[in-house]
Amino acid sequence: MNSTMLSDETYMQQALALAGLAAEQGEVPVGAIVVSADGEVIGRGYNQPLGSHDPTAHAEIKALRDAAYNIGNYRLSGCRLYVTIEPCSMCAGALVHARIAELVFGAKEPRAGVVCSQQQLLDASWLNHRCQWRGGVLDAECAQLMKDFFAARR
């Protein structure tokens, strides 16, 4: 995959596959990947707060940690993060601290999403780093995975 940029949909399919792993483990099905500037997937993560007893083990955080470990630097300048659901405030803050260049998410999160649903956190003028963002990539598939998961739990 080095030096070859895949489509947003192809990257989001990889995040969806990770979200499926979370669902199989009884976790809220959110998956994320970090893609370097040359198109290589350098970090992967999926929700694991229940199984790991770690409230910070969201998909985005796990993917950021994996990417930072893999490149030997917590600053992920020039990288994009793909995630199936609009991030919460903790994860949005982590994107800024990691210097992620762009966030690409699938479905909006109307209750806790802070990129465009409840707040526009990444657009705040006081941030020391600007993270561009786009939403709606494979929106229907990402939203359906969440709906199916919560319907099965009821």
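Helices (H or I, at least four residues) and strands (E, at least two) are DSSP runs, numbered from the N terminus.

**View 1. Overall fold of the predicted chain.** This is a predicted model, in which local features need pLDDT of at least 70 and side-chain atom pairs count only at pLDDT 80 or more, whereas totals for chains, interfaces and linings use all residues. Residues are numbered from 1 along each chain as its sequence is written, and side-chain values use heavy atoms, with hydrogens and water left out. The chain holds 5 helices and 5 strands, which follow one another along the sequence as α-β-β-α-α-β-α-β-β-α.

**View 2. The largest nonpolar core.** A nonpolar core is a set of buried (under 20% relative accessible area, 1.4 Å probe, protein chains only) Ala, Val, Leu, Ile, Met, Phe, Trp, Tyr and Cys residues joined through side-chain atoms within 4.5 Å. Among the 49 residues of the largest such core, Met12, Val34, Leu64, Leu76, Leu81, Ile100 and Leu103 touch the most other members. At least two core residues come from each of several elements, including β1 (31–35), α3 (59–71), β3 (80–85) and β4 (102–107), while α1 supplies the largest share, 6 residues. Buried residues make up 47% of the 154 residues in the chain.

**View 3. Surroundings of Leu81.** With contact meaning heavy atoms within 4.5 Å, and residues up to four places away in sequence not counted, Leu81 touches Ala32, Ile33, Val34, Glu60, Ala63, Leu64, Leu95, Ile100, Glu102, Leu103 and Val104. Across the chain, 58% of the contacts with a separation of 6 or more are between residues 24 or more positions apart.

Technical notes
Buried < 20%, exposed > 50% of the residue type's maximum accessible area, 1.4 Å probe, protein only.
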